[in-house]
Amino acid sequence: MLQRKDLLGLKDLSAEEIYGILDVAREMKRQLDCKKTERILADKALVTLFYENSTRTRSSFELAAKYLGASVVNISVATSSVQKGETLIDTGKNLDAMKVDFIVIRHQMAGAPKLLAENVGASVLNGGDGMHEHPTQALLDMCTLREKLGKIEGLKVAILGDIKHSRVAMSNLFGLKKLGAEVYMYAPATMMPKEIERLGAHVCKSREEAIEGADAVMGLRIQLERQNGGLFPSLSEYSRYYGVNDGLLKYAKKNVLILHPGPVNRGVELTPQVIDGEKSVILEQVTYGVAVRMALLKLFNEYRENNL
């Protein structure tokens, strides 16, 4: 089904490949709910190689692999040979020599997963690279939308927050557009990428415009670790003028879904009432995240068995 060794981003995936992943993720979700997962990776090994902090992405990949029977090793970069000067390519080649089948990498530099993939035989899955892409997060977001709303084509999805520094926003834009959804974005001018409209986004002048008639509203975390500062006056003012609260949801559709990739800064991007409200599917996103990553490992394992 997948005609590639690695998952580097959604920009290069076809709509058919994305739907194929979502279809398999649906079955993986059923297995998770029944606690009866197939151990199809019993003789495989996965390594998580994270150069940046993570909770959901890393743990869900590790659990996905373990649920399918794989051996899993987590490399802590802070205590690895990287601190002795080992390059990314050399780290990858050493993992290859250990007969690793899958490497999940998160890196602060855009393009690092591609560089790694070009130098190893293992399948590389991008867990987020710089301000480039975070493909598995977008896949789990689309999986959530599809399962909760029954479709993706024709949906209006509003994305609000720190879009400029968000790899999640970019992957969602690529993926949602390919599946026929419309993406509306709103952010402070200092947090909106220049010319993002050329990629198909509708850039809005207000929160109300973005949320009007939306089927889903996605908040994005302020990426303080990727900023030099001075992009907004204060967190309280950001919340007041750019955050999402219950009052704004009256502009959306009645059955609107609230999403967020996490971690959420409570009271900043979203109010606690929105985060914990009945329209929120933030925790369900986490469950779909495990299912999507199980699906990817299954599909890439099939590719490897048939092509490598």
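**Close-up 1. Lining of the second largest pocket in the predicted model.** Helix H4 (112-117) and strand S4 (123-129) each supply at least two residues of the lining of the second largest pocket, for which a volume of about 200 Å³ is computed. Of the 15 residues that line this pocket, Leu8, Gly9, Asp12, Lys114 and His132 lie nearest its centre. Sorted by class, this lining holds four nonpolar, four polar and seven charged residues.

**Close-up 2. Lining of the largest pocket.** The largest pocket, with a volume of about 700 Å³, is lined by 35 residues, and those nearest its centre are Arg56, Arg221, Pro261, Gly262 and Pro263. Two or more lining residues come from each of helix H2 (56-67), helix H5 (135-149), helix H6 (167-178) and helix H10 (282-307), with H10 giving the largest share, six residues. The lining of the largest pocket divides by class into eleven nonpolar, 14 polar and ten charged residues.

**Close-up 3. Packing of helix H1 (residues 15-34) with H10.** The axes of H1 and H10 lie 7 Å apart and form an angle of about 115 degrees, and the crossing in which H1 passes H10 is right-handed. On the H1 side the contact is made by Gly20, Ile21, Val24, Ala25, Met28, Lys29 and Leu32, while H10 contributes Thr287, Tyr288, Val290, Ala291, Val292, Met294, Ala295, Leu296, Lys298 and Leu299. By class, the residues of this contact between H1 and H10 comprise 13 nonpolar, two polar and two charged.

Note on methods. Residues are numbered from 1 along each chain as its sequence is written. This is a predicted model: local features need pLDDT of at least 70, side-chain atom pairs count only at pLDDT 80 or more; totals for chains, interfaces and linings use all residues. Side-chain values use heavy atoms; hydrogens and water are left out. On a 1 Å grid over the protein atoms alone, a cavity is a set of points where a 1.4 Å probe fits but cannot get out, and a pocket is an open set with protein on both sides within 12 Å along at least five of seven lines; lining residues have an atom within 4 Å of a point. Grid points are joined across faces, edges and corners, and a volume is the space filled by probe spheres set on the points. Helices (H or I, at least four residues) and strands (E, at least two) are DSSP runs, numbered from the N terminus. Ala, Val, Leu, Ile, Met, Phe, Trp, Tyr, Cys and Pro count as nonpolar, Asp, Glu, Lys and Arg as charged, and the others, Gly among them, as polar. Axes are lines fitted to C-alpha atoms, for helices over the stretch in contact, and angles run from 0 to 180 degrees between N-to-C directions. A crossing is left-handed if the near helix is turned anticlockwise from the far one by less than a right angle, and right-handed if clockwise. Contact means heavy atoms within 4.5 Å.
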